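Work through the exercises below with the sequence and the structure in view. Try each task before reading its solution.

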Amino acid sequence: MSPAMNPDTVAVDYNADDNIEMHHIVATHNNLKQGNHTGGHAALVMSDTNKPEGLFQRLIISLDEHRSVKLLMRQWGPRLEFVVRLMLLATFFDDSFRMVTHFSELTKQIGERGCLQRFATMSSPALVSVIATAALGTGLLAQCSGAICLLALLRPNGATAALIAWSIAQPVLYAQLSNTAFVAESLSLVGGLLTLRAHLVSDREACGAGARARLVGRLLVPAMYVYYAGRSLFSALTLDETSDLAVFISSLSIFIINMAVLIGLVIGSMLVAAGFKSRLVALLLAFVNLGYVFYQYPFFRFLSFKGGEWKVDEDNMWMPHVALPNDVTAFDFDPWQIYDLHRYYFFLGVSVSGSLLLLSQFGPGDHAAQKDEVLLPIVSRAQD
């Protein structure tokens with residue numbers, strides 16, 4: 001890259017013939033030898049001593065016999081990157097829409113139950129309202145402009161900085177620092193943004209800042225799973241004493257499941273943080289997280305159109321985990337507010353999966369135990 005290139009220039013070229021594997025997601029398998037040509041088609045012949053190892057490699061070799069994987073990646077690579085980027089930005093678009101439609105309510109929440117709660121007791125309500133309005137307006141501007149610019153690949157340097165700043169400030173603004181799940185998911189989101197920033201602002205790679213950003217991003221992405229591992233450990237250690245055999249067997253089964261989840265999350269988080277098999281592990285965790293999000297926050301199931309108006313299913317909707325002041329309980333929330341929380345945590349979870357997919361797509365970076373890991377090795381096709 002030229003030293004004179006603008007820092008906000010996106011150096012992504014999908015038209016180059018030598019760069020069609022979408023950033024080393026697919027690598028060429030060099031153990032295949034050129035065979036005989038039959039019927040004018042390319043032949044794929046392997047030596048007996050160099051058979052493919054691993055499920056992914058065998059699947060890709062089988063697919064490549066019918067359709068060139070390189071050609072598929074050339075056609076679908078940019079589309080996949082756009083979808084992953086859209087997943088990462090989903091929570092920012094959703095939160096921006098929420099801010100626009102509930103601006104006055106959110107301003108009141110920040111002043112009465114957010115970070116300005118103590119300040120409100122020592123100052124006039126008008127001043128608190130002005131400060132809350134300014135803070136929320138700044139967040140709205142940062143989210144809207146940052147998300148749109150990143151989706152369109154415009155000025156990614158400033159766009160990622162704005163979104164990272166808002167992701168850090170949001171738990172503080174809404175007084176949610178005691179909400180461990182929300183903080184952990186926000187840290188994972190910041191990790192995804194750092195990974196995207198290191199990829200798009202590629203001129204920083206030359207001075208090592210890009211590699212350091214990928215390292216920090218890789219360490220932050222599994223933050224949410226560290227939280228879930230801790231919660232699984234707590235659940236496993238809190239068994240109730242009972243003399244009923246059926247209850248004991250049920251508790252023991254739950255204990256075994258919690259321990260299995262704990263071990264899996266700890267191992268997965270360690271592999272991602274160390275950069276060893278991190279692309280494969282991040283890909284698996286991304287799909288596991290999507291399944292969990294659809295199960296835990298299915299906001300689309302709670303909404304129906306009846307009698308000419310939209311209604312929420314109050315009977316089957318539960319309250320998501322959220323940090324509340326001492327004088328506020330879940331019963332103080334109306335059904336639409338609970339529905340809104342489900343929607344927010346749903347898109348936040350989708351964005352966390354986008355962070356994991358970004359790590360799987362672009363790799364762990366230079367500071368990793370396995371920096372040259374390839375996700376889907378493919379064969380070399382012998383041409384006529």
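**Exercise 1: Confidence**

Over residues 378-384 the pLDDT stays under 50, and the model has 34 contacts for them beyond four places in sequence. Here pLDDT is the predictor's confidence in each residue, from 0 to 100, and contact means heavy atoms within 4.5 Å. This is a predicted model, in which local features need pLDDT of at least 70 and side-chain atom pairs count only at pLDDT 80 or more, while totals for chains, interfaces and linings use all residues. Residues are numbered from 1 along each chain as its sequence is written, and side-chain values use heavy atoms, with hydrogens and water left out.

Task: find the average pLDDT of the protein chain and a further stretch where pLDDT is below 50.

Solution. Step 1: the chain averages a pLDDT of 77, and 72% of the residues score at least 70. Step 2: residues 1-50 have a pLDDT below 50, with 104 contacts in the model beyond near neighbours in sequence. Step 3: where pLDDT is low, the predicted coordinates should not be read in detail.

**Exercise 2: Helices H3 and H5**

Task: describe how H3 and H5 cross, and name the residues that make the contact.

Solution. Step 1: locate H3 at residues 103-113 and H5 at residues 125-151; helices (H or I, at least four residues) and strands (E, at least two) are DSSP runs, numbered from the N terminus. Step 2: the two axes come within 9 Å and cross at roughly 120°. Axes are lines fitted to C-alpha atoms, for helices over the stretch in contact, and angles run from 0 to 180 degrees between N-to-C directions. Step 3: that angle makes H3 oblique to H5 (under 35 degrees counts as roughly parallel, over 145 as roughly antiparallel, 65 to 115 as roughly perpendicular and the rest as oblique). Step 4: Phe103, Leu106, Thr107, Ile110 and Gly111 of H3 make the contact with Val128, Ser129, Ala132, Thr133, Leu136 and Gly137 of H5.

**Exercise 3: Helices H5 and H6**

Task: at what angle do the axes of H5 and H6 cross, and which residues are in contact?

Solution. Step 1: H6 covers residues 156-173, and its axis comes within 8 Å of that of H5, crossing at roughly 140°. Step 2: H5 and H6 are therefore oblique to each other. Step 3: the residues of H5 in the contact include Ala135, Gly139 and Ala142, and those of H6 include Pro156, Ala159 and Trp166.

**Exercise 4: A hairpin**

Task: how do strands S4 and S5 run, and how many bridges join them?

Solution. Step 1: S4 (residues 303-306) and S5 (residues 309-312) run antiparallel and are joined by four bridges; two strands pair if DSSP finds at least two bridges between them. Step 2: Leu303 has Val312 in S5 as its bridge partner. Step 3: the strands form a hairpin with two residues between them, and Gly307 in the turn has a positive phi of about 60°.
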